[in-house]
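Colleague: Could you take me through one part of this model, the nonpolar patch on its surface, and the setting around that patch?

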Amino acid sequence: ALYGLILPKKTQQLHRVLQKPSVFGNDSDDETSVSESLQREAAKKQAMKQTKLEIQKALAEDSTVYEYDSIYDEMQ
C-alpha cells in the first residue's frame, strides 16, 4: 500500500506555473545583502561591547553579583 499525498501530473504542472517569480527577477543585488550583513555584524559587536560594559559595571558595584551557586548554598 502507498500512503501519502498523490498528485496527478496535471496538478504538479499547474503548481509550477502558479509559482510567483521573484520580485527582483533573476538580478540579485549582492551589494545590498553584503551591506545589510555588515550592518548586522556591527550591531552585534556594539551589543556585545555594551553587554561587557554592563557586566564590568555590575562587578564594580558588587563583586558577588554573578555568584549564584555559592549564595544559594549559603541560604540552605
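Modeller: Here is the background, then the patch, then a charged pair elsewhere.

Keep in mind that this is a predicted model, where local features need pLDDT of at least 70 and side-chain atom pairs count only at pLDDT 80 or more, while totals for chains, interfaces and linings use all residues. Numbering starts from 1 along each chain as its sequence is written, and side-chain values use heavy atoms, with hydrogens and water left out.

On confidence, pLDDT is the predictor's own score for each residue, from 0 to 100. The protein chain has a mean pLDDT of 76, with 58% of its residues at 70 or more. Confidence is lowest in helix α1 (residues 9-18), at a mean of 52, and highest in helix α2 (residues 30-61), at 89.

As for the fold, the chain has three helices and zero strands, in the order α-α-α from the N terminus. Helices here are DSSP runs of H or I with at least four residues, strands are E runs of at least two, and both are numbered from the N terminus. Of the 76 residues, 1% count as buried, where buried means under 20% relative accessible area, exposed means over 50%, and partly exposed is in between (1.4 Å probe, protein chains only). The accessible surface comes to about 7900 Å², and 57% of that belongs to carbon and sulfur atoms; these areas come from the Shrake-Rupley method with a 1.4 Å probe, and for residues only the protein chains shown count as cover.

Now the patch itself: I55, L59, V65, Y66 and Y68 make a nonpolar surface patch of about 450 Å². Patch members have over 30% relative accessible area and no salt bridge, with nonpolar side chains (Val, Leu, Ile, Met, Phe, Trp, Tyr) joined within 5 Å and like charges within 9 Å. V65 sits in the loop between α2 and α3 and is partly exposed at 31%. Its C-alpha atom is 9.4 Å from that of I55, ten residues away along the chain. Y66 is in the loop between α2 and α3 (68-75) too, and it's partly exposed at 40%. Y68, by contrast, counts as exposed, because its relative accessible area is 57%.

The search of the whole structure turns up one aromatic pair. That pair is Y66 with Y68, edge-to-face, at 6.5 Å centre to centre and 80 degrees between the planes. Rings of Phe, Tyr and Trp (its six-membered ring) pair if their centres lie within 6.5 Å, with planes under 30 degrees apart called stacked, over 60 edge-to-face and the rest tilted.

There's an annotation here as well: UniProt lists residues 52-76 as "domain: Nuclear speckle splicing regulatory protein 1 N-terminal", from an unreviewed entry. Over residues 52-76 the chain is 72% helix and 0% strand, with the end C-alpha atoms 31 Å apart.

Last, the charged pair. The structure holds one salt bridge, meaning a side-chain nitrogen of Lys or Arg within 4 Å of a carboxyl oxygen of Asp or Glu. K44 forms it with E41, the closest N and O atoms being 3.5 Å apart. Both residues lie in helix α2, three residues apart, about one turn of the helix, and E41 is partly exposed at 38%.

Terms used:
UniProt positions are given in the numbering used here, feature names are shortened, and annotations may be inferred rather than shown by experiment.
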